[in-house]
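Colleague: I have a structure open and would like to learn how to read it. Could you take me through some features, one at a time?

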Amino acid sequence: MLPVIASIRNLTVSCLTLLLFCSLPGALRAQQSGARISGTVTDQTGAVVVGATVRALNLASGREVSTATDGSGGYALGDLAPGSYRISVSQEGFAVAAASVVVTDSTPVVQNFALAPGALQDVVTVTAGKGSARIAVETPQTVSVTTEADLEQRRPVSTFQAIERTPNLIVRETNPARERPRLRGLDSSRVLIVIDGERLNNARTDLQTGLSPGIIDVSQLASAEVVAGAGSSLYGSDALAGTINLVTKGPDRPDKGLVLGLRLDGDYHSNGRTRRGNVAVNLSNPQAALRMSLSLFRNANYRTGGKAITLDDVLNIGRFYVQFPGNNASQYPVFSLPANGEVLNGQAHGFNDQLDFWFYPSANNRHNLRLRYLNSQHSALGDAFSGPPFEVQERFQSFRHFDKFGARYEGLDIGPRVARLAINFYRQKLVFPQDQFDYTIQSGSSFVVDPATNTFSFTGRPSNFILGSFTDNKNSITTLNVDVQATLVPFVGTLVTTGFQRLRDQSRDEFTRYGFRNIVTREPNFNTLTRGASSPDTDYTDTAFFAQFEYDRIRLLRLSGGFRLDNWKTEAKVTRGFPLGAEFVILRASIPVLSANPGPLAPQVDSLSRLLDLAGGRSPVRTSKTSFTGNVGIVFRFPQGINPYFRFATAYREPSVTERYIIRNFIPLPNILSAIVVGNPNLEPETARNFDVGVKVQRNRFNGSFGYFRNDLDNLIIFALPPGSPTPLGAGFLLVPADPANGLLGAPFNRGLHAVSFNGRINQAKNLIYGFEGTYEVALPLGEVGSLTPYGSMGWMHGTNKSPTATQLDIIRRLYNRSDTPVRLEGSPDDVPLGNITPFRGIFGAIFNERKGRWFIEYSLRHQARVTRANPTGFQGPTLINYGTFASLNDFTVQSVRGGYNLRRERYRMTFTTGVDNLTDLLYFEHFQNAPAPGRSFVFGFTMEFANLLGR
């Protein structure tokens, strides 16, 4: 397979280089094809519309030209290359009107438009076309696009909230700076996030950490797109559930003269005192454009809704918690929180800056060179609600630094057979620690233990906490990428988008652990300091080739299909300080005992000798995995704007550094017990087979979609435990010989042996997620008053674990489908629930727009249905399970209102927005979140933009 990859790579580079060499000489001359589109724009009464903006978007190259209607309502667009175009017309107070046309060299095209009042938009996506625009209604996937106008009107508090109206999308974490997406039931590590089409995910994007889109500030966004469904055949690893593309703002460029522009943005959200300011300067002429921006933000702890969480509420859930195997009262924090109580550890602050330079060497806009620098420096990012009195772990990031430089050449319409050619390079570095204080609950506060029976019981009092240790695990990931991509037009109505990519992730790890107190004896232990690395220095290298084909010659039919070939090579190097402390000793002592009775960890046993050589400093560990993914789609274009669609696609996810190579003991004190997490170099990539089928409708006053999806998931990576031996600590521990000289102490109650909780990683066999998704917008004219636009997006899901463990089946038989539990849980051994599946989520609302678009009022509500099908082992654990784990399964309906005013003049414009989030001050938990969501919050925002301070 590897020689095949090398041959394809060399052939691709040679062909694209030849295309570039042959196309540039003629392309640098202005091409006058004679192709032309013209027409007239009127309103619904037949009156001409003056000053409307008319845009023609070349769907092959992404090149856009625009003009404005004249005094008679007419427009004309010339100098167009032959091909398929999307023509759209926009004007304040009217819904966007659009049509698809085909342009040839010899036949002028006449396309007239009649505008209707409303706020409907014509949505295109650059994500589904991998850099080239595609019409959303003709894309065989669920596509959600948030425009810059949407952002100015809604004033979201975070980058995640900019995309929250996507069907079947929920949030993980409640700090706006740390929020991460869950799409179609899969966590952020299985959702690919890209910035301007370039990967943000990296080799450290594992199941516990993931990446937050908040690395890019919401003020930097020109738009945000979510394309649901398997996306690996275009973008590579991680796109099991879909792709999120954060499109950053670029400079504005005039048709003539020198322009100096200035933009100011400000936002304030009262709950959490979130403050954000942004300033951007734009300096440009027709040949070059420069944009510089700087944004600052700060948010503090927020407050919950207007209902208290009582001690009885927490204890009632606690009595249910201890019925799950392995749980006891000593692990469960007991607390109370008054109405509008403060949620601790929810703070963050920092800044983002961006520098964009575009150079246009040809007068016809067919070539551009983009140089871009992105930087974010964020500090004190807390994991809200973690730490006392709510949890025994206090998690935060003392900083998060992101630094990126990129250069891209792009040629558009550069030849009769080359619609687009792009050569791209970028380097990015992401550095962040995973900081954590670990506590234990003091015996006699919220629980007591009976020494005769070694059983735990609640006292009914709040928990007192004892600080045990602090850990700081700093991750540094440097990414280097180069890719070449071309969109070819071998025949009229046929597009081939193909390219080659070479990417390298370099992961470096630093670890520090400081002990404060012995977690068993409670004695001070201030001199325990450990330094090193919990994961080795590791390089991940991906060599990829892809090709996407689109056939659009038949008026009623559009076909698409493609494939991608990725080869990931990894090398875990012998690294000074890896593994930490006694981890090597624990691993070496555990292997004989584990090998004798591995249980579900049998697939990992063969890999342990390789890790032992790595940990012992004898040899590195290398892997090479090749993944082939593909897609095929069909869209029917029936009359009346009705477009049924079908798509089948596959996807994969390459295992991360921590999943392959971590060796870490999570309970280092007092050395009579270890909880070691061990990677597995033999892991296979996770894979998905995704079906999408549905219908999209686009009419003059209605946009809508409804679809069904099915995602069959194989080889998902999970934690697994060996059968172990029963001990007073519970079942499932490996008992290994004590080794006092190397820090492994034995305990009398374990027959003098050392107890090890061995947490391994394996590929789970099969899972299934299926569901429905729908969206709608309706433009309702209200005469001279304006227009009303009702809208909605909704999703239904069902998830089944098709390879459950014995523990999961036992929990279902004992604790599910009962009427006497405080939290009703449902499932069966034949249909074991998956975690993170919200059964129904809907966002509904309406926007009133004044006739001339000067002011608006919007009301929206979000409803999420009660979760009864939850992962049975999601309620087990000594650290991350608490009251919120169960309370977050409840249904809720949260409401918001917005209102704003737009003032537009020739040289400047101002936008003011105010509103209220969580209008009823509801106390609720986002699904599968330990932290309650913010209560009522008042929102204020403004934008001031000066088009040309030079006055020319």
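Colleague: Let us begin with a helix. Where in H5 does the kink lie?

Modeller: First, a caution: this is a predicted model. The kink in H5 lies at Ser590, is about 35°, and comes shortly before the proline Pro592.

Colleague: What distance does H5 reach from its first C-alpha to its last?

Modeller: Helix H5 covers residues 583-596, 14 residues in total, and reaches 20 Å, close to the 20 Å expected at 1.5 Å a residue.

Colleague: Which residues of H5 are buried?

Modeller: The general idea comes from the helix repeat: an α-helix has 3.6 residues a turn, so residues three or four places apart point the same way. In H5 the buried residues are Glu583, Phe584, Val585, Ile586, Leu587, Ser590, Ile591 and Leu594.

Colleague: Now H6. Where does H6 bend?

Modeller: At Leu608, by about 35°. For the 14 residues of H6 (residues 602-615), 1.5 Å a residue should give a span of 20 Å, and the end C-alpha atoms are 21 Å apart, which agrees. Leu608 is also one of the buried residues of H6, and others among them are Gln604, Val605, Leu611 and Leu612. After H6 comes Gly617, with a positive phi near 75°.

Colleague: How many bridges pair E2 with E5?

Modeller: Six bridges, in the antiparallel sense, between strand E2 (residues 53-58) and strand E5 (residues 83-90). Thr53 has Ser90 in E5 as its bridge partner.

Colleague: Which residues of E13 point one way, and which the other way?

Modeller: The rule to keep in mind is that side chains in a regular strand alternate between the two faces of the sheet. In strand E13 (residues 180-183), Arg180 and Arg182 point one way while Pro181 and Leu183 point the other way, and all are buried. E13 runs antiparallel to strand E12 (residues 169-172), and four bridges join the two. Leu183 in E13 has Leu169 opposite.

Colleague: Let us turn to single residues. Is Ser463 buried or exposed?

Modeller: Buried means under 20% relative accessible area. Ser463 has a relative accessible area of 8%, so Ser463 is buried. Ser463 sits in the loop between strand E28 (455-458) and strand E29 (465-488).

Colleague: What does the side chain of Ser463 meet there?

Modeller: A polar atom of the Ser463 side chain lies 2.9 Å from the backbone nitrogen of Val334. The side chain of Ser463 also makes a polar contact of 2.8 Å with the side chain of Ser446. Leaving aside neighbours within four places in sequence, the residues in contact with Ser463 include Tyr332, Pro333 and Ile441.

Colleague: And Thr629: buried or exposed?

Modeller: Thr629 is buried, with a relative accessible area of 1%, and is found in strand E34 (residues 621-636). Its side chain reaches the backbone nitrogen of Ser233 at 3.5 Å. Not counting residues up to four places away in sequence, Thr629 touches several residues, including Ser232, Gly562, Phe563 and Tyr652.

Methods:
Residues are numbered from 1 along each chain as its sequence is written. This is a predicted model: local features need pLDDT of at least 70, side-chain atom pairs count only at pLDDT 80 or more; totals for chains, interfaces and linings use all residues. Side-chain values use heavy atoms; hydrogens and water are left out. Buried means under 20% relative accessible area, exposed over 50%, partly exposed in between (1.4 Å probe, protein chains only). A polar contact is a pair of N or O atoms within 3.5 Å; within protein, one must be able to donate a hydrogen and the other to accept it, and residues adjacent in sequence count only if both atoms are side-chain atoms. Contact means heavy atoms within 4.5 Å. Two strands pair if DSSP finds at least two bridges between them. The expected span of a helix is 1.5 Å times one less than its number of residues. The bend at a residue is the angle between axes fitted to the seven residues ending there and the seven starting there.
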